[in-house]
Amino acid sequence: MKRIIKKVAVLGSGVMGSRIACHFAGTGVQVLLLDIAPTELNASEKAKGLALDHPAVKNRIVNDALAAAVKSNPSPVYTKDAVKKITTGNFTDNMKDIAGCDWVIEVVVERLDIKHQVLSEVDKFRKPGTLITSNTSGIPIHLMAEGRSEDFKKHFCGTHFFNPPRYLRLLEIIPTTYTDREVINFLMEYGDVYLGKTTVLCKDTPAFIANRIGVYSIALIFKLVEKLGLSIDEVEALSGPVLGRPKSATFRTADVVGIDTLVKVAQGVYDNCPEDEARDTFIIPSWISKLVENKWLGDKTGQGFFKKIKSKNGGSEILVLNPSSFEYEPRKKSKFASVETAKGIDDLRLRIKALLSGQDKAGEFFRQFHYGLFSYISHRIPEISDEVYRIDDAMKAGFGWEIGAFETWDALGVEKTCKAMKDAGFSVAPWVEDMLAKGNSSFYKVDKGVTLCYSPAESKYVPTVAAGMESAFLVMKNFAGQTVWKNSAANVYHLGDDVLGLEWNTKMGTIGGEVLEGIQKAISLAEEKYKGVVIANSNQNFSAGANVGLIFMYAVEQDYDELDMAIRAFQNTMMRARYSSVPVVIAPHGLTLGGSCELSLHSDKVLPAAESYIGLVELGVGLIPGGGGTKEFVLRAADEMHEDEPDTITLKNRFLTIATAKVSTSAFEAFDLGILRKGHDEVILNQDRRIAAAKNSVIEIFDKGYVTPVQRTDIRVPGRSMLGAFYAGVNGMWRANYATDHDVVVAKKLAYVMCGGDLSEPSLVSEQYLLDLEREAFLSLCGEKKTLERIQSVLKGGKPVRN
């Protein structure tokens with residue numbers, strides 16, 4: 001059966017329901033969002049003389065919930081217009097309308113009796129064959145299917161989204177014994193391709209996979225707090241980014257999730273998993289139970305492990321709970337010698353290795369935590385999953401871990417770590433020892449660019465994606481065995497099918513001389529005997545832009561000849577990407593700022609992940625885009641102008657986009673900013689599919705008969721006719737205190753370049769003419785003291801100072 005999802009019904013408009021509805025709408029699907037009708041009027045409705053049966057009253061709960069979701073930060077939608085795809089209603093009047101939906105998702109309160117009531121109504125009104133799923137974090141899925149029709153049961157399973165649904169990529173699919181295999185396969189693929197999710201197939205066990213392992217990890221840390229005498233601030237320092245985990249670390253994550261929710265999940269595992277060998281770990285310490293009793297539940301109640309107060313100077317201050325005194329105290333910066341040493345190691349796997357070798361209290365924490373975690377996950381196979389990789393996928397996509405637990409175990413050495421665990425009193429599941437005994441030394445390995453994972457059930461390595469889908473998920477580093485060229489910053493791989501792949505591994509993906517060399521080399525090699533080049537990586541972000549540290553060094557030393565050469569090299573490399581004789585396709589994700597945005601502007605095609613934040617941000621540090629970004633915006637504005645409107649609004653909009661350092665909040669918004677080209681560039685919802693899609697795009701463009709573009713000499717610029725208006729606008733912003741003196745200097749330089757200089761009348765100019773203006777303006781701004789102060793502020797890890 002071929003399924004097409006045109007319309008989805010979301011039943012329940014709470015925090016999860018409204019945001020799930022927004023995410024579906026953001027992907028282009030029509031949504032019907034329903035909730036209960038109020039049972040009494042509020043003060044405003046009484047004042048207006050409305051009755052309970054008035055449509056505005058009946059839909060008040062759902063409309064208020066949706067409005068709150070749309071206003072929330074970060075936004076639950078890719079673009080504001082997406083909300084127009086959501087229609088609201090109530091269970092009383094509109095449950096019948098689910099007959100027109102292809103998928104019904106129940107997201108009501110976590111009570112089995114209420115879910116039964118709602119699903120009973122769904123069974124009455126749904127059309128046969130419609131998908132029905134429940135978003136639950138722990139209620140057994142098979143219990144919800146009881147009493148339903150046979151067709152309902154065949155098309156029913158659990159779909160556990162993580163909050164916020166747009167940003168957390170995990171979608172757990174939990175079938176029952178009744179669920180049709182076709183339904184399972186469809187949901188696994190749909191979630192992956194159309195929702196951008198890492199879909200993880202789970203067994204119907206308590207807390208499924210991510211929460212089972214995630215809550216165990218947090219509960220284990222609670223135990224280590226008492227065992228090792230650690231403070232909350234110390235744990236936050238040890239269990240966050242240094243370990244490849246989110247900044248929210250452990251206790252801040254608990255405050256965000258809700259301490260009561262965490263306790264409830266832990267209690268559920270304890271009650272429902274009597275055979276769990278680590279069951280006692282889920283017994284919550286008394287001091288945390290006291291937090292629940294006090295209703296200090298985290299963000300939802302204003303205080304939990306942390307509390308925000310107003311400081312004496314009128315600002316805000318974050319206090320932290322002292323578990324001993326149960327008083328809130330000022331936060332203290334925690335430092336451990338072993339951690340300070342390890343922080344200098346960029347490679348996470350090597351860093352974790354160093355952290356576990358520490359001989360201080362931090363090292364003991366890391367060993368105790370990881371040994372406990374490794375023991376626990378090994379014993380969860382096959383209870384919660386038959387496949388090892390599903391546990392890692394769930395933790396990376398649901399809890400934001402950079403690498404999974406089994407991947408971490410591999411990095412430390414499986415056999416060596418097993419011995420250390422046993423010596424420390426931790427058990428290892430028999431299948432791990434069996435794996436080692438059979439001569440398999442790791443859980444993962446790569447073969448011909450494909451990631452394989454050990455299968456305990458089959459005693460062999462199997463692909464981590466569905467059979468036949470291996471080519472849809474490419475990771476650059478998996479092709480290290482097919483390296484064509486490299487330097488200390490960049491690597492060029494042969495991705496197969498005569499396509500080269502370029503990635504670089506600098507801090508934050510910054511672009512310096514060696515990266516520019518890599519881009520030039522990849523293109524030259526491709527022009528010799530390949531079809532084209534894909535530029536991408538699988539790091540946390542694509543690139544934060546050019547290496548401003550290098551710019552700062554040259555500027556401080558007043559070495560303007562070197563600075564001029566560096567800017568020319570950047571511009572020449574961007575133009576090389578644009579005017580090579582082979583297609584160059586960029587597949588960015590995450591931060592794609594400054595110089596990497598300029599690279600995107602000059603590529604033949606951009607295939608960004610949906611969660612790409614793209615923009616020309618140079619104005620923030622007192623510069624203008626100097627790698628061809630300003631030129632490219634002028635070129636595109638000229639192409640959008642009409643002969644009868646030479647001073648059309650398009651150039652002004654593009655000027656403002658650069659002048660305000662606008663960054664798209666999604667790849668979709670980058671189309672509105674004029675960075676991506678409508679009908680040409682293409683958003684890839686699942687970022688794990690970007691590189692494969694880019695490779696296919698290179699092949700497609702090449703096979704159609706790629707022709708080297710010709711540099712433009714016909715770019716229409718307005719000259720003085722618009723330059724004066726731009727200057728007046730900038731001065732107006734300054735008079736209204738929206739811009740500083742230095743902002744004015746920078747903005748006027750930008751205006752000068754974008755108008756084509758001080759030309760007496762509108763003229764046609766070349767790309768090189770604009771590049772020269774751009775470079776001259778960039779160089780002059782590098783000599784400004786205020787610009788250097790802004791760059792220095794950024795280099796120190798802060799925001800650009802307003803000066």
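Predicted model: local features only at pLDDT ≥ 70, side-chain atom pairs only at ≥ 80, totals over all residues.
Tyr78 belongs to the loop between α4 (60-71) and β3 (86-90), whereas Phe668 is part of helix α28 (residues 667-672), so the pair ties together parts that are 590 residues apart in sequence. The two partners can also be described by their accessibility. Tyr78, with 4% relative accessibility, is buried, while Phe668, at 25%, is partly exposed. Elsewhere, one aromatic cluster is formed by Phe24, Trp103, Phe161, Phe186, Tyr190 and Tyr194.

Rings also meet charged side chains. Arg245 is placed over the face of Trp401, 3.6 Å from the ring centre. In a second case, the charged end of Lys290 sits over the ring of Phe326, at 4.4 Å from its centre.

Turning to helix packing, two packed helices are described by the angle between their axes and the distance between the axes. For helix α22 (residues 513-529) and helix α24 (residues 560-578), the axes come within 10 Å and cross at roughly 30°. An angle under 35 degrees counts as roughly parallel, so α22 is roughly parallel to α24. Their crossing is left-handed. On the α22 side, the contact is made by Leu516, Ile519, Gln520, Ile523, Ser524 and Glu527. Helix α24 contributes Ala569, Phe570, Asn572, Thr573, Met574, Arg576 and Ala577 to this contact.

Conventions. Residues numbered from 1 in each chain as written. Heavy atoms only, no water. Helix = DSSP H or I, 4+ residues; strand = E, 2+ residues; numbered from the N terminus. Buried < 20%, exposed > 50% of the residue type's maximum accessible area, 1.4 Å probe, protein only. Phe/Tyr/Trp six-rings, centres within 6.5 Å; stacked < 30°, edge-to-face > 60°. Lys NZ or Arg CZ within 6 Å of the ring centre and 35° of its normal. Axes fitted to C-alpha atoms, helices over the stretch in contact; angles between N-to-C directions. Parallel < 35°, antiparallel > 145°, perpendicular 65-115°, else oblique. Left-handed = near helix turned anticlockwise from the far one by under 90°. Contact = heavy atoms within 4.5 Å.
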